[in-house]
Amino acid sequence: MFTSSSRALDSALLRFVPPESVSSVDAQAYGRGLAAGTYRREWSWLALLDGAVVARGVWWGPVGSVHPVELRCLAVDATVPHPEVWGAALIRSAHREFAEAGAILAPDLVVEVDSARRSDPDVVAALAWRQEAARQAGLPVVTETVVESAASPLVRVTFSARPLVAPAAAAQPALR
């Protein structure tokens with residue numbers, strides 16, 4: 001079953017943080033986001049199998065936003081086979097709800113990794129299943145940017161339904 005979170009599911013949502021080498025939303029960040037309005041229960045989704053959480057997605061939006069703009073945490077239990085299938089199904093379920101609530105654009109999936117670990121096998125594997133989940137969920141465009149942070153540079157990998165820039169033909173004025 002795929003469902004948005006609720007107060008009753010808060011502890012299950014917060015306890016489910018599989019150890020991985022990519023960005024995640026921990027309990028403290030989630031609590032601060034709930035208080036600020038950048039994370040919301042209706043934007044936080046769980047996949048349940050026999051009552052146990054096997055996947056979670058935490059979407060983010062700017063303060064005051066009606067709809068989320070980014071999926072900041074996509075996690076699937078490491079013991080579950082085919083995390084890309086579970087991740088894609090979770091994304092599709094949430095995006096369907098967002099669209100029914102009036103969202104026009106599908107939120108991007110954003111994953112941040114320490115740039116020094118970008119070629120680490122664990123990071124490569126974590127990004128690979130997320131990329132496949134994003135593709136299956138209709139987010140096939142992949143971009144990578146380096147973001148300078150106080151600790152160390154991060155690689156921000158974004159999976160989107162749309163390119164960041166307009167196609168060259170559309171960007172150039174027509175010559176007559």
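Which residue just after H2 takes a positive phi? I looked it up: Gly-37 does, at about 95°.

**Ground rules.** I am working with a predicted model, where local features need pLDDT of at least 70, side-chain atom pairs count only at pLDDT 80 or more, and totals for chains, interfaces and linings use all residues. Residues are numbered from 1 along each chain as its sequence is written, and side-chain values use heavy atoms, with hydrogens and water left out.

**Start of H2.** Helices are DSSP runs (H or I, at least four residues), as are strands (E, at least two), numbered from the N terminus. At the start of helix H2 (residues 27-36), I found a side-chain oxygen of Asp-26 within 3.3 Å of the backbone nitrogen of Gln-28.

**Ser-21.** I then moved to the loop between helix H1 (10-15) and H2, where Ser-21 is found. Ser-21 is buried at 15% relative accessible area (buried means under 20%, exposed over 50%, partly exposed in between; 1.4 Å probe, protein chains only). A polar atom of its side chain lies 3.4 Å from the backbone nitrogen of Val-123. Beyond neighbours within four places in sequence, Ser-21 is in contact (heavy atoms within 4.5 Å) with Val-113, Arg-117, Asp-122, Val-123 and Ala-126.

**Cores.** Next came the nonpolar cores (buried Ala, Val, Leu, Ile, Met, Phe, Trp, Tyr and Cys residues joined through side-chain atoms within 4.5 Å). The largest has 32 residues, and Phe-159 and Trp-59 are among those with the most contacts inside it. Elements giving it two or more residues include helix H3 (83-100) and strand S7 (154-160). I noted a second, separate core of 13 residues, including Tyr-39 and Cys-73. Back at Phe-159, the residues it touches, not counting those up to four places away in sequence, include Leu-109, Leu-127 and Val-141.

Technical notes
Polar contact = N/O pair within 3.5 Å; in protein donor to acceptor, adjacent residues only side chain to side chain.
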